[in-house]
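Please look over the structure below before reading the points that follow.

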Amino acid sequence: MSSADQPYIDPSEIALEESATQRFKNPSDAFWSGVRDAAGAPAMVLFAGMVGFGAMGKTNGFDVWFTTFTSFFMFALPGQVVLFEMAITGSSVLAIALAVTLTSTRFITMTVTLFPQFHQRDRNRSLYASVHLLAMTAWAISMREFHAIEVKHRLSYFVGLGLLCWLISIPGTILGFYLAGMVPPAVTLGLVFINPLFFLLTFTEVKPWINRLAIFLGCIFGPIFFVIDHDTSLLTAGLVSGTIAYLIDRKFLRKKSGVVG
Amino acid sequence: MMDTINTMSNSLSGWGLWIALVGACLGTYFCRAIGVFLSQSINQDSEIFRWLAAVTYAMVAALTVRLIVMPLGLMATVPLWIRILICALSIGVMISKPTKRLVPALLIGTLLMVGYGIIH
């Protein structure tokens, strides 16, 4: 377990690689290898996150359908937690949709780095369906493994990997929802704590200074903006902190060699 | 502890909630689809991606701090210093060997929180 354990939020932290060797006999071989590669520590972490999300839905009074639909159709934990957090604090529909969409912009970067590595033959409209399977886990494993997979088998491998990750997230969410209602409150407390802790731990992996700065400023502006106006606070805290970090990086950090990774 | 469940008195409910979910799903899929569209032509190092990555990190950081420092519902029954102490211990485990400690760090933090719940 190497880089698959490192849940990058910013895909630009990994460089593109090329080259391929004979590894799979046929597309089905590649597909099942993808399924096997997903079924390990990375999938366990994702599963735990989804269980935590289900428990969060239960303890905050959402119903099981709403909670499960969220995992099924969004399949993006940070966005899902933003949705719930903002819905609980009574944000407007527009502010919620905008904030969730902004947390999902990382998928643009992920797709742009991963999909050009597929075979030209596979790069057609069907990718608009397979892209739903793309999330942090499948992306990180694919970025690590693709250089050692023949170009023509990469899509099959990715679909196997992504499909397993997506499919386990549904039972994970439902399990968390019902566990939170049945187990003692102490265990529910642990389940609800999984996602905030997971996000916090991923921050220690962030390398570029621009993103470290953005995290630091977000930690400070988040509570301040929440006190001022909790409806739009995630949105404003993210935009203000991110933009300040970007400008500081552009004006000062980039000019110093050695500071930028 | 169980009476902290159902904290939705001031929250979005009914159709508004489902419309927000549809908006969130469409927004999320839109980002995935636009990525497929752009993957033909755009460079991942461009300025707009640097800015978007910074905004995303800042937003997830703001969310994380909110969930840990000013939580709603069940988590609010745990004293702030306990929450921060458990986070600090988990980060300690994580940075002791960054590439391989995510699972143990997550496990220890979660179990400590369960442990606190059992004691009280």
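This is a predicted model: local features need pLDDT of at least 70, side-chain atom pairs count only at pLDDT 80 or more; totals for chains, interfaces and linings use all residues.

1. Residues are numbered from 1 along each chain as its sequence is written, and chains are lettered from A and ligands numbered from 1 in the order in which they are written.

2. Chain A brings 92 residues to the contact and chain B brings 78 residues; two residues are in contact if their C-beta atoms, placed from the backbone, lie within 7 Å. On the side of chain A that touches chain B, helix H10 (residues 185-203) of chain A gives the most, with 16 residues. Helices (H or I, at least four residues) are DSSP runs, numbered from the N terminus.

3. Helix H2 (residues 41-59) of chain A has 19 residues, which at 1.5 Å a residue should span 27 Å; the end C-alpha atoms are 27 Å apart, which agrees. The expected span is 1.5 Å times one less than the number of residues. Of the 19 residues of H2(A), 16 are buried, that is, 20 or more other C-beta atoms lie within 10 Å of their own, all placed from the backbone. A:Gly61, which follows H2(A), has a positive phi, near 85°.

4. Chain A is divided into domain 1 (3-12 + 23-203) and domain 2 (206-261), with bounds from an automatic or database domain assignment. Their centres, taken over C-alpha atoms, are 25 Å apart. The contact takes 11 residues from domain 1 of chain A and nine residues from domain 2 of chain A.

How values were computed: Helices (H or I, at least four residues) and strands (E, at least two) are DSSP runs, numbered from the N terminus. A residue is buried if 20 or more other C-beta atoms lie within 10 Å of its own, exposed if 12 or fewer, and partly exposed in between; C-beta atoms are placed from the backbone.
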